[in-house]
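Visitor: Hi, could you walk me through this one?
Guide: Happy to, let's bring it up.

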Amino acid sequence: MIEIGKLIAGLLILIGAFLSLVTAFGLLRLPDVYTRNHAASKSATLGVMSVLLGTLIYFYVEHGHFNSRVLLGILFIFITSPVAGHLISRAAYNSGVPLWEKSVQDDLKNSVRYPDKDQL
Amino acid sequence: MAFQILLNFFLALVWMFLKTTYDTKTFLVGYLLGLIIIYGMRRFFGSRFYLYRVWAVIVLILIFIKELLLSNLSVLSVILKPKLDIKPGIFALPTELKQDWEITILANLITLTPGTLVIDVSYDNKILYIHAMDIQDVEDSIQSIKNTFEKAIMEVSR
């Protein structure tokens, strides 16, 4: 039982490290802010979450110590990181960072952005 | 919903006072009995029996986790593919959800979906602007995923 727990913990930490590595590759390889944000807001989230989960399982199996702070950390990262990705890409769009030149569509450009109060 | 939970809590407390034993076991028994009573009296409440809504929340969380895993696989395959043949773009998605928290949850779900990232919400909360990693083959399937998300969120809020 302890061996299986250790195995799962090690596997989770390895997967998390691999996902973080892939995130770094994605940040280097992808062409513009928005596509890079895809890599940063998804793979990094799951990577950190699985490292934390592996740590939680390891300390529970090996030392019988259940650390609820790690669980809260997983929850906070899960909630906040998509919001962070959204805010960064929104700030980038509003300050005029262009899309990659091979982008095919931009519906946001023609939309009504922020009308005056009397027009509402 | 909050009223029904509070009522159930209160019934469990009344059960503890009736038994004059004050421990967790008695509380749980009282809570279960209160659950049965509330289920029997459900036509007097304005909203649905609250366990349905609890179940809908659990379903939503499971969808969240599943989408996170799938989106990671798709991002992984894009990044590690030797040739970069993606066609990114921004498309508009009209939404029927009204309240702010519903739109927040929908935007978070979409951000964690394979290949999509919410960039802006229109000022009247009716349209979400979404950046897609690969626009031509995803758009139809994404539309269907959106329908399931929106439905799951409406299931919670109605």
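**A glycine, then a helix pair**

Guide: B:Gly34 lies in helix H2 (residues 24-40) of chain B, where a helix is a DSSP run (H or I) of at least four residues, numbered from the N terminus. This is a predicted model: local features need pLDDT of at least 70 and side-chain atom pairs count only at pLDDT 80 or more, while totals for chains, interfaces and linings use all residues. Residues are numbered from 1 along each chain as its sequence is written, and side-chain values use heavy atoms, without hydrogens and water.

Visitor: Is B:Gly34 buried or exposed?
Guide: B:Gly34 is buried, with a relative accessible area of 2%; buried means under 20%, using a 1.4 Å probe and protein chains only.

Visitor: What does B:Gly34 touch?
Guide: Leaving aside residues up to four places away in sequence, B:Gly34 touches B:Asn8 and B:Leu11, a contact being heavy atoms within 4.5 Å. B:Leu7 is 27 residues from B:Gly34 in sequence, with 8.2 Å between their C-alpha atoms.

Visitor: Switching to chain A, how many helices and strands?
Guide: Chain A has three helices and zero strands.

Visitor: How do the axes of H2(A) and H3(A) cross?
Guide: The axes, lines fitted to C-alpha atoms over the stretch in contact, come within 10 Å and cross at roughly 175 degrees. H2(A) and H3(A) are therefore roughly antiparallel, the term for angles over 145 degrees.

Visitor: And which residues meet there?
Guide: Among them are A:Leu52 and A:Leu56 from H2(A), and A:Ile74 and A:Phe78 from H3(A).

Technical notes:
Chains are lettered from A and ligands numbered from 1 in the order in which they are written. Helices (H or I, at least four residues) and strands (E, at least two) are DSSP runs, numbered from the N terminus. Axes are lines fitted to C-alpha atoms, for helices over the stretch in contact, and angles run from 0 to 180 degrees between N-to-C directions. Angles under 35 degrees count as roughly parallel, over 145 as roughly antiparallel, 65 to 115 as roughly perpendicular and the rest as oblique. Buried means under 20% relative accessible area, exposed over 50%, partly exposed in between (1.4 Å probe, protein chains only).
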